[in-house]
Amino acid sequence: MPLDTSTYELALLRVDGRRWNELRRLHGQIRTQAAADGSSYLEMGNTKVMCVIAGPSEDKRRGTASSSASMASGGVNGADVVVSIVVGGFSSVDRKKRGRGDKRIHELQATIAKALAANLHVHLYPRSTILVSLHVLSQDGSLLAALINASTLALVDAGVPMTDYLVACTAGSTSTHAAGDEAADPLVDLNTQEETELPFLTLVTLGATDKVSVLVCETRVQVSRLEGMMASAADACKGVRKFLDQVVREKGQKMVAEGAVEKGASMAMDIDV
């Protein structure tokens, strides 16, 4: 039986029944693949992403990345971060097959590689490489945000030191650029239908702060709406950060209960910030 959405507009609800500031259902796991150094699985609504981390490890081919991956160099005394994204042909409705040279994929890889390299303490791993492999299983909007959040979880699982969680969320406006509506309201965590019809941006913040690490806006939007969209996205990022932290803590408690890790165990490391 189809969902009756006839009253949604009167109640100021979106197509999927959410209010303007509500996130979609979040589900996440870490250590999903025992053979990997770090791994994670993340769902943001119907957008589903899997991430696998290899490294940090010494690589004889350091300084070069394959044609299907993007690299952010850590310099002479830092680790290189290499990001590769594989999009399943079954992940979207149109089943469009994306080749290795797809421009959109390369843009996503470069954005994620630079964001992670700036947040990770790569100076602790000189002449090394950190490989981040991302697999898109299902797409329903907020793809870049889901990829960054999944990468953060996997890197935490791999034990790579970082400044704080790198969290991302999208925000949009309730009317198009052509409408010229100055009083348009912001929306957070957009799905595919909303991204197709409305202007939106992806904001990445550092932890629970409002420090912006990445801002991507590829649609035309009124300047007067931009501040409200960014503020809404930053507020939503705090909710995402709380969720990621909960996933990590629950896994840690489970490992302690199973005896895999002793309670109170910690790793002493001098980190120059």
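Start with R31, which sits in the loop joining β1 (26-30) and β2 (38-44). This is a predicted model. R31 is not a glycine, yet its phi is positive, about 55°. Its relative accessibility is 41%, so R31 counts as partly exposed, the range for that class lying between the 20% cut-off for buried and the 50% cut-off for exposed.

Next, select R127. This residue belongs to the loop between α1 (103-119) and β6 (128-138). R127 is another residue other than glycine with a positive phi, here near 55°. With 52% relative accessibility, R127 counts as exposed, since exposed means over 50%.

Now move to helix α2, residues 143-158. How far apart are the end C-alpha atoms of α2? They are 22 Å apart, which agrees with the 22 Å that its 16 residues should span at 1.5 Å a residue. Colour α2 by accessibility: 14 of its 16 residues are buried, so the helix is largely enclosed by the rest of the structure. Step past the end of α2 to G159, the residue that follows the helix. Phi of G159 is positive as well, near 80°.

Is their crossing left-handed or right-handed? The crossing of α2 and α4 is right-handed.

To see what makes the contact, show the side chains on both helices. From α2, select N149, L153 and V156. From α4, select V240, L244, V247 and V248. Of the residues in this contact, 6 are nonpolar and 1 is polar, while none is charged.

The last stop is E194, in helix α3 (residues 192-197). Is E194 buried or exposed? Its relative accessibility is 6%, so E194 counts as buried, the cut-off being under 20%. Which residues does E194 touch, apart from neighbours within four places in sequence? Display R14, R18 and D189: E194 is in contact with these residues.

R31 counts as partly exposed at 41% relative accessibility, R127 as exposed at 52%, and E194 as buried at 6%.

Notes:
Residues are numbered from 1 along each chain as its sequence is written. This is a predicted model: local features need pLDDT of at least 70, side-chain atom pairs count only at pLDDT 80 or more; totals for chains, interfaces and linings use all residues. Side-chain values use heavy atoms; hydrogens and water are left out. Axes are lines fitted to C-alpha atoms, for helices over the stretch in contact, and angles run from 0 to 180 degrees between N-to-C directions. Helices (H or I, at least four residues) and strands (E, at least two) are DSSP runs, numbered from the N terminus. A crossing is left-handed if the near helix is turned anticlockwise from the far one by less than a right angle, and right-handed if clockwise. Contact means heavy atoms within 4.5 Å. Ala, Val, Leu, Ile, Met, Phe, Trp, Tyr, Cys and Pro count as nonpolar, Asp, Glu, Lys and Arg as charged, and the others, Gly among them, as polar. The expected span of a helix is 1.5 Å times one less than its number of residues. Buried means under 20% relative accessible area, exposed over 50%, partly exposed in between (1.4 Å probe, protein chains only).
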